[in-house]
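This report describes a protein model through its sheets, its helices and its charged contacts. Please view the sequence and the structure together before reading on.

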Amino acid sequence: MSKQVYFIGPLGAVNRMIGGDSYKNLHLTRRLESLKVNLRIIDTIECKKSLFKMAYAVLLILFHRRGKFIVSASSVGAYKLLKLMKWLGVSDVIYWVVGGDFPHLLNCEMVSPKPYANAKTIIVEGKRMEESLRICGLRNVITLPNFKAIEYVPEKKRVKVEPPIRFVFLSRIAEDKGCSYINRAAAMLNARGLSASYSIDYYGSIADIYKEQFTSEIGELPNVEYKGFLKLVEISNYDVLAGYDVMLFPTFFYGEGFAGIFIDALIAGLPVVATDWNLNSEIVRHGETGVVVENRNAERLADAMEMLIREPQKIESMSKRCQSECMKYDVANLVTPALVKQLGLLE
């Protein structure tokens with residue numbers, strides 16, 4: 001029997017709406033278990049719902065503090081856990097980072113580096129994050145990009161792309177995801193006489209605080225529509241996604257890391273128009289797998305969209321490149337037996 005490894009992080013139920021951190025942890029835990037890692041999972045979503053389960057989790061850490069732990073949670077939650085573990089004398093810890101705000105917390109001295117330095121290994125999603133942490137004095141850092149289990153790569157229905165170009169946004173619909181900038185860019189394109197040359201469909205949950213504003217904005221745009229949810233846990237929905245031409249992702253969300261939606265775009269053969277924010281320009285290769293635009297600039301976003309509308313052959317070449325690269329982010333190609341051995345997760 002392999003050693004017991006305690007995994008702490010949010011998972012949630014597969015059939016519920018869960019965040020990117022939960023999806024990542026779901027793929028990660030399934031992959032580790034397939035490699036015969038003996039996991040005992042402590043779901044922090046369940047802990048938040050029950051004081052009893054929270055107390056149980058703390059006691060488990062206390063009584064197994066000489067054991068092996070993986071912490072994969074949001075930056076604030078992970079910091080509290082790592083701080084507790086350091087205080088309890090737990091030292092055999094892997095911090096598998098979710099999101100991109102962790103270096104910002106350190107650089108702004110909002111958290112102490114000591115709990116992180118106590119971890120044996122910190123795994124981040126991009127080289128820019130790794131370099132930032134090394135500047136903060138942390139040396140126990142490695143980079144491993146985001147991943148998911150890629151079970152299906154759809155066939156593109158439109159081999160020859162021509163207007164109207166179908167743009168899509170698939171994420172949490174909120175101000176800090178850049179949705180208002182998309183709507184402003186759409187208004188600019190329509191004013192340029194291009195309203196019949198493209199459309200934009202939105203999928204995702206709408207933040208309560210943004211719902212009224214979002215509804216008002218798209219109500220003024222005849223070629224922009226909210227389509228509800230597109231649950232990619234049902235792999236047939238990748239065919240729906242592949243029916244689009246380009247993904248829009250002008251985020252400036254402070255916690256953005258390697259968003260899983262980039263992998264979905266690659267699978268579906270969608271070049272991404274993304275802002276130069278956090279790791280985005282490390283993931284999207286400008287002119288090859290998408291277009292990187294200035295952050296919080298609706299005019300530059302509109303210009304990039306117009307360029308793709310007027311030169312659809314660029315979409316075709318980028319789309320092929322996207323699908324040819326998607327398997328780089330399959331969990332089986334990143335969380336390998338060699339990595340599991342390197343991290344000390346097996347006897």
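## Basis of the report

The model is predicted, so that local features need pLDDT of at least 70 and side-chain atom pairs count only at pLDDT 80 or more, while totals for chains, interfaces and linings use all residues. Residues are numbered from 1 along each chain as its sequence is written, and side-chain values use heavy atoms, with hydrogens and water left out.

Helices (H or I, at least four residues) and strands (E, at least two) are DSSP runs, numbered from the N terminus.

Six strands form an open sheet with parallel pairing in the order 2-1-3-4-5-6. Its edges are strand 2 (38-43) and strand 6 (141-143), each of which pairs on one side only. Neighbouring strands of this sheet are turned by 20° against each other on average, direction ignored. Two strands count as paired if DSSP finds at least two bridges between them. Strand 1 (residues 4-9) runs parallel to strand 2 and is joined to it by 6 bridges; Val-5 has Leu-39 of strand 2 as its bridge partner.

Strand 5 is joined to strand 4 by 3 bridges in the parallel sense, with Trp-96 standing opposite Ile-123 of strand 5. Strand 5 also pairs with strand 6 in parallel over 3 bridges, and Val-124 has Thr-143 of strand 6 as its bridge partner. Both faces of strand 5 are covered: Thr-121 and Ile-123 on one side, and Ile-122 and Val-124 on the other, are all buried. Here buried means under 20% relative accessible area, exposed means over 50%, and partly exposed lies in between (1.4 Å probe, protein chains only).

Helix 1 (residues 20-34) lies across strands 1, 2, 3 and 4, running at about 160° to strand 2. Helix 7 (residues 127-135) lies across strand 5 (121-124) and strand 6, at about 170° to strand 6. Axes are lines fitted to C-alpha atoms, for helices over the stretch in contact, and angles run from 0 to 180 degrees between N-to-C directions; contact means heavy atoms within 4.5 Å.

Strand 7 (residues 165-170) and strand 10 (residues 246-249) run parallel and are joined by 2 bridges, and Val-168 has Met-247 of strand 10 as its bridge partner.

## Asp-264 in helix 11

Asp-264 belongs to helix 11 (residues 260-268) and is buried, with a relative accessible area of 5%. Its side chain is joined to that of Tyr-238 by a polar contact of 2.5 Å. A polar contact is a pair of N or O atoms within 3.5 Å; within protein, one must be able to donate a hydrogen and the other to accept it, and residues adjacent in sequence count only if both atoms are side-chain atoms. Not counting residues up to four places away in sequence, Asp-264 touches Lys-148, Leu-232, Tyr-238 and Leu-241.

The whole structure contains 21 salt bridges, each being a side-chain nitrogen of Lys or Arg within 4 Å of a carboxyl oxygen of Asp or Glu. One of them joins Lys-68 and Asp-92 at 2.9 Å, N to O. Lys-68 lies in strand 3 (residues 68-71) and Asp-92 in the loop between helix 4 (75-88) and strand 4 (93-96), so this pair ties together parts that are 24 residues apart in sequence. Both residues, Lys-68 and Asp-92, are buried.

A network of salt bridges links Arg-192, Glu-299, Arg-300, Asp-303, Glu-306 and Arg-310. Arg-310 meets Glu-306 at 2.7 Å, N to O; these two residues are 4 apart in helix 13 (residues 298-310), separated by about one helical turn. Arg-310 is exposed at 53% relative accessibility, whereas Glu-306 is buried at 16%.
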